[in-house]
Amino acid sequence: MKEYFLDFWDAVSSTATGMAITLRHLFMKNETQQYLSDEKPETRWNSVIVPEGLLQDRSRMRLYVKMEDCIGCLQCEKVCPVDCITISTEKRQKTELPIFAANGQGIKQRVVQFDIDMSLCCYCNLCVYPCPTDCIVMTPEYEFAERDKTNFLYRFAKDKATPPEPPEEKKEAEPVAAG
Amino acid sequence: MSTPRQYKDLEPDEAYAFKLEDLEEDEMILNMGPQHPSTHGVLRIELKTDGEIVKDAQPHIGYLHRNFEKHAENIDYQGIIPFTDRLDYVGSMGNSLSFAFAGEKLMGIEVNERVQSIRVLTAELQRIASHLLALGTYGLDIGAFTPFLHAFREREKVLDLFEWLCGARLLYNFNWIGGVSHDLPDQWTDRVKVFLDQFEPVIDELHNLLSYNKIFTKRTASIGIIPPELAIGYALTGPNLRGSGIKWDTRKEDPYCGYEKYAFDVPVGQGRFGPIGSCWDRYYVRVEEMRQSVRILRQAIEKLPPEGDVHETVPKRVKPKPGEVYARTEAPRGELGFYIVSDGGLIPMRVKARSPCFVAMSIFREIAKGEMIADMVAIIGSLDIVVGEIDR
Amino acid sequence: MGLQRPALEAKISNLLSIPVVAGAAGALVVFALLPQIAELIREQLSANLSPTMAKLAATAIGVGAVVFLITQLPIFLIWWERKIAAHIQDRLGPMRVGWHGVLQSFADGMKLLFKEDIIADGADRFLFKLAPFLVVMGVFSAFAVLPWADGLVISDLNIGVLYVIAITSFGAIGILMAGWASNNKYALYGGMRSAAQMVSYEIPTAIIILSVVVQVGSLNLQDIIAAQQGGFGDFQNWFIFRAWGLNVIGFVSFFICGLAETNRNPFDIPEAESELVAGYHTEYSGMRFALFFLAEYGAMFFVAGVAVVLFLGGWSGPVFSGPLVFFLKILAIVFVQMWIRWTLPRLRVDQMMALCWKYLIPIAFVVLMGAAVLQVSGG
């Protein structure tokens with residue numbers, strides 16, 4: 001019998017406590033910010049806890065490749081766990097003008113294909129570390145939704161491959177290794 | 001050689017555990033999931049019901065299978081870590097910590113104190129974030145909407161801290177074999193302190209809003225009871241085990257990352273509103289664990305060595321000697337262990353993950369029998385499963 | 001940087017929200033002047049038509065006005081509820097469509113109107129289509145006896161209270177029908193739960209209403225309001241302040257029963273989204289789904305209205321009297337309903353039954369007996 005009335009008391013008091021909390025929150029300042037504010041289009045998401053401007057210091061979002069610096073070493077392609085980077089290179093001729101990356105490293109390879117499929121990318125940042133010239137970077141840019149999945153294939157290479165030389169009959173003799 | 005049969009090749013009744021012809025007159029098969037609002041992902045549960053009473057319940061798993069273990073046999077050690085993040089995708093820091101720990105054991109690397117402290121900081125913050133999600137969605141399962149968003153509000157702050165630290169909000173790739181990817185930014189620990197100061201009152205508010213609510217205790221304190229013997233029998237770990245009143249925490253029993261340096265308690269279920277080991281006890285253990293995490297974080301910030309290179313012991317290439325290793329850590333959902341066999345190559349020969357959620361799910365049938373349909377949701381929520389970790 | 005919301009779109013939606021806000025303000029003015037407007041219409045009708053026709057036309061106009069009110073009210077109530085929910089949860093809620101999202105409900109309603117009307121394969125098509133109309137009908141017809149002001153009621157029934165009790169349980173048929181006709185196990189569970197719930201909660205509701213009827217001595221809702229007029233500040237005689245707190249218990253119990261009858265949290269068991277997906281309206285989409293929504297908010301409003309009539313003096317309010325006061329009082333009760341919804345977890349079905357049979361019915365009996373004893377002893 002005592003329990004029966006205690007139940008009443010428990011129910012009433014706990015409900016009242018909960019309602020007091022929700023009422024307090026009803027008049028508290030809201031935590032959310034609008035994603036794209038019409039009034040201030042330049043404002044980005046501001047964290048409550050992180051000081052302003054620091055939140056995206058290390059953000060790993062969209063990949064970008066500074067092609068001028070790429071020496072075609074294929075390190076990023078090898079390390080990518082999901083194989084979203086495809087690079088093909090060809091040797092630069094000795095006769096061509098020597099060019100250098102920003103850190104002074106000579107560019108011996110011409111990168112004719114540097115494709116990153118951002119729809120496959122897992123944003124693990126592993127490709128960034130081994131790069132000898134720091135040419136592949138993850139940017140804090142996160143608004144890159146697309147309607148067509150094929151648009152996620154970013155082609156960074158600027159150089160065109162030298163057109164293949166006319167086929168020679170000798171080629172048939174070379175056996176192609178299996179696998 | 002016959003090709004292995006796929007799920008779609010099964011006969012219609014092979015996909016069901018219960019046969020129509022075995023049903024009694026009043027019984028009905030109810031298929032809960034894989035598309036259901038509260039099966040926490042894509043879990044499918046088959047219920048044999050008699051009205052509102054569940055006579056039997058059979059979980060079907062495998063809808064989120066991503067082939068982690070086989071995949072891990074084909075990539076180098078460093079490349080596996082992003083995949084471990086995706087096992088328990090709301091507690092990524094814990095997963096990669098566990099794998100990195102196993103890798104270090106295999107390589108014989110001793111990380112320096114600063115790395116250990118950073119790992120403790122991130123792991124405990126992740127525990128808070130993960131428990132907040134678990135508690136919030138648990139409230140949602142029971143029907144209370146508001147605690148869910150209050151919990152997410154706090155979780156968002158932890159994710160902000162993580163983004164500031166390593167650039168990602170959910171899947172961090174932060175713990176490497178031999179170190180961590182980024183050193184702490186300036187002011188980071190100060191802001192963590194600010195977060196902790198404002199977070200502690202939130203725990204009390206959550207208690208008042210949800211934990212001690214009469215409806216909530218009525219709903220959860222008498223269902224899904226796991227007696228201590230059963231919990232040990234099914235090898236439960238983490239809050240699910242501690243909810244049954246057993247004081248076992250890998251951080252205490254088998255310390256790693258210097259957890260022995262920190263003073264903290266292991267909260268256990270006390271059966272305050274009903275028998276020990278009920279859903280409410282497991283819920284309560286999680287809330288109290290957040291309090292302990294706050295304690296650990298405060299100590300870790302104080303003891304953080306000011307100097308130290310976080311990349312000091314990161315090997316150029318991870319190429320362990322042949323051998324095998326098992327390492328376990330206390331992830332938010334329980335004991336997460338990685339068993340790695342190396343043949344001396346650049347890629348592991350075998351990787352096995354011992355995931356706490358899979359083990360917790362195996363007990364479901366045992367404790368679900370005889371409860372009501374509404375309780376199914378409560379029991380799943382209290383076990384705090386993440387389907388990504390069950391299926392792997 | 002990034003995707004920008006077109007400025008023109010923002011401007012248009014802000015402009016469009018002006019007439020909506022103005023309309024809401026206008027509605028309040030109309031409410032305030034409702035007795036005068038009704039008198040004017042009545043005069044015009046009796047001057048131009050025969051007495052029978054005049055009465056018929058007046059009723060038709062009244063019905064039209066009430067139907068207009070109940071169909072338009074949810075637009076406001078849904079927006080209001082979303083805002084309350086959002087602010088309780090430290091969010092902003094709808095902000096984009098119009099000024100502070102006032103056009104959000106219009107946009108949603110428009111979307112529901114244009115949505116494909118799906119009838120599940122294997123559903124009982126006739127019952128499936130009929131069910132939402134039955135639910136809506138049950139709610140709409142209940143409004144016939146709700147008195148808005150002195151003499152301003154569609155049908156001044158002598159047995160108004162009985163009519164209220166009878167017609168509110170009508171919706172259970174529709175919900176049960178929807179659950180059955182959907183050919184979906186979750187919907188069936190929802191329908192069954194709803195039937196059990198409504199049947200149980202009818203009893204304490206009726207008993208508590210009876211306790212008020214005992215104190216008044218009439219089943220007419222206008223008489224009940226008339227019995228609460230006068231006193232200090234025009235609210236001393238409200239039933240909630242009489243009978244030494246007995247009616248406070250009665251009011252709270254009635255409020256709880258009202259929550260249960262309208263399937264509101266913590267009693268939203270028939271549509272418990274974490275258990276039964278969406279309960280009885282799992283298979284409904286488009287306009288039929290909107291009708292269930294309409295019925296839910298209409299029922300909320302009606303139950304709050306009955307509570308105001310029985311315990312809070314109806315239209316005879318503090319200081320002022322009239323439809324506007326009545327309306328605002330109802331909104332206050334609706335606010336508490338929403339507030340509770342966003343605070344409490346959901347009960348389990350057996351606990352809900354236990355609450356009804358073990359707690360509410362005994363309380364209701366105590367209230368009834370106390371009221372009867374007071375009445376007999378001349379209190």
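**Exercise 1: two helices in chain C**

H10(C) passes H14(C) in a left-handed crossing (left-handed if the near helix is turned anticlockwise from the far one by less than a right angle, right-handed if clockwise). This is a predicted model, where local features need pLDDT of at least 70 and side-chain atom pairs pLDDT 80 or more, while totals for chains, interfaces and linings use all residues. Residues count from 1 along each chain as its sequence is written, and chains are lettered from A and ligands numbered from 1 in the order written.

Task: find the angle at which the axes of H10(C) and H14(C) cross.

Solution. Start with the helices, which are DSSP runs (H or I, at least four residues; strands are E, at least two), numbered from the N terminus. H10(C) spans residues 246-261 and H14(C) residues 349-376. Their axes come within 10 Å and cross at roughly 145° (lines fitted to C-alpha atoms over the stretch in contact; angles run from 0 to 180 degrees between N-to-C directions).

Next, the contacts (C-beta atoms, placed from the backbone, within 7 Å): Leu246(C) and Ile249(C) are among the H10(C) residues, and Leu360(C) and Ile363(C) among those of H14(C). That contact divides into nine nonpolar, three polar and no charged residues (nonpolar: Ala, Val, Leu, Ile, Met, Phe, Trp, Tyr, Cys, Pro; charged: Asp, Glu, Lys, Arg; polar: the others, Gly among them).

**Exercise 2: chain C against chain B**

Task: sort the side of chain C that touches chain B by class.

Solution. The contact takes 22 residues from chain C and 26 from chain B. The chain C side has nine nonpolar, five polar and eight charged residues.

Note on methods:
Contact = placed C-beta atoms within 7 Å.
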